[in-house]
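Hello,

Here is the structure I said I would pass on. My notes follow it.

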Amino acid sequence: MSVLVVTGTGTEIGKTVSTAAVAAAALARGRSVAVLKPAQTGVAEGEPGDAAEVARLAGAVTLLELARYPEPLAPATAARRAGRPPVRPHEVAEAAEKLAAEHDLVLVEGAGGLLVRFDETGATLADAARLLGAPVLVVAHAGLGTLNATTLTTEALRARGLECPGVVIGSWPAAADLASRCNVADLPESSGVPLLGAIPQGAPALPPADFRAQAPGWLAPRLDGSWDAARLAA
């Protein structure tokens, strides 16, 4: 995978920390990494956004943000209200392809869920992924309700002919409840794709050096890690 698109089953689901973990694991393998944030919303000019948080946690990655809108809304709505041009899927694809020419791995982190609108035509992150021919990693919640949301997302990917390598749980609770524990087995069966990792709750608060050292242990070998879902279930 030279380009990997990262989406979520909703907002505040752990996409940024999951992107950082994937970046850190790739860097630990000696791979060069770039992080592309097509549309950053809810962050003022001059403030650090999601891409900067990935760099803080993961280390030496190349960062590129295509557009920034101050209100915490869907990109299309935030762009309209700010009176600024929206981000178009072809712009995302072109930027990712340029980064891929100079890096081993390009991570494209979306905003919100897969089908959040980028512009007034209804274009989405899925359209950018299709132009790139890139797989889409899904970040999901651990607990009750995640089976439906995750399955809807993977079905939407399949309906568009997009590959989904798997699901990462964006925040695995320190004291997992019954639903979360059951979801370790149920998520792959429901979504039709493997579980590729679980980021521990509180991971963003770790010192960056600890985050980088531990990140490969949170991700499966498909994502340059050593994590095993069977250990989590146990």
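**Notes on the model**

Setting aside neighbours up to four places along the chain, Thr7 is in contact with Lys15, Gly112, Gly113, Leu114, Leu125, Val136, Leu137, Val138, Val139 and Thr153. Please keep in mind throughout that this is a predicted model. Thr7 sits in strand β1, residues 3-8. With a relative accessible area of 0%, Thr7 counts as buried, because the cut-off for that is under 20%.

**The sheet**

Strand β1 belongs to an open sheet of seven strands, ordered β3-β2-β4-β1-β5-β6-β7 and paired in parallel. The edges are taken by β3 and β7 (195-200); each has a single partner strand, so one side of each has no neighbour in the sheet. On average, neighbouring strands here are turned by 20° against each other, direction ignored. β2 and β3 run parallel and are joined by seven bridges. Helix α2, residues 50-58, lies across β2, β3 and β4 and runs at about 150° to β2.

**Lys37**

Lys37 is the residue that the UniProt annotation "active site" covers; the entry is unreviewed. Lys37 lies in strand β2, residues 33-41, and its bridge partner in β3 is Glu65. Is Lys37 buried or exposed? Lys37 is buried, with a relative accessible area of 2%. Not counting residues up to four places away in sequence, Lys37 touches Asp50, Ala51, Leu64, Glu65, Leu66, Glu109, Gly110 and Ala111.

**Helix α3**

Helix α3 spans residues 75-82, and Pro75, Ala76, Ala78 and Ala79 are buried in it. These residues cover an arc of only 165° around the axis, so they are on the same side of α3. In general, an α-helix has 3.6 residues a turn, so residues three or four places apart point the same way. The cover over the buried residues of α3 includes β2, β3 (62-69) and β4 (105-113). Arg80 and Arg81 are exposed, on the face of α3 turned away from its buried side. After α3 comes Gly83, with a positive phi near 70°.

**Thr151**

Thr151 is part of helix α6, residues 146-159. Its relative accessible area is 11%, which makes Thr151 buried. Leaving out neighbours within four places in sequence, Thr151 is in contact with Ser190 and Ser191.

Regards

Note on methods:
Residues are numbered from 1 along each chain as its sequence is written. This is a predicted model: local features need pLDDT of at least 70, side-chain atom pairs count only at pLDDT 80 or more; totals for chains, interfaces and linings use all residues. Side-chain values use heavy atoms; hydrogens and water are left out. Helices (H or I, at least four residues) and strands (E, at least two) are DSSP runs, numbered from the N terminus. Buried means under 20% relative accessible area, exposed over 50%, partly exposed in between (1.4 Å probe, protein chains only). Contact means heavy atoms within 4.5 Å. UniProt positions are given in the numbering used here, feature names are shortened, and annotations may be inferred rather than shown by experiment. The arc is that of the directions from the helix axis to the C-beta atoms. Two strands pair if DSSP finds at least two bridges between them. Axes are lines fitted to C-alpha atoms, for helices over the stretch in contact, and angles run from 0 to 180 degrees between N-to-C directions.
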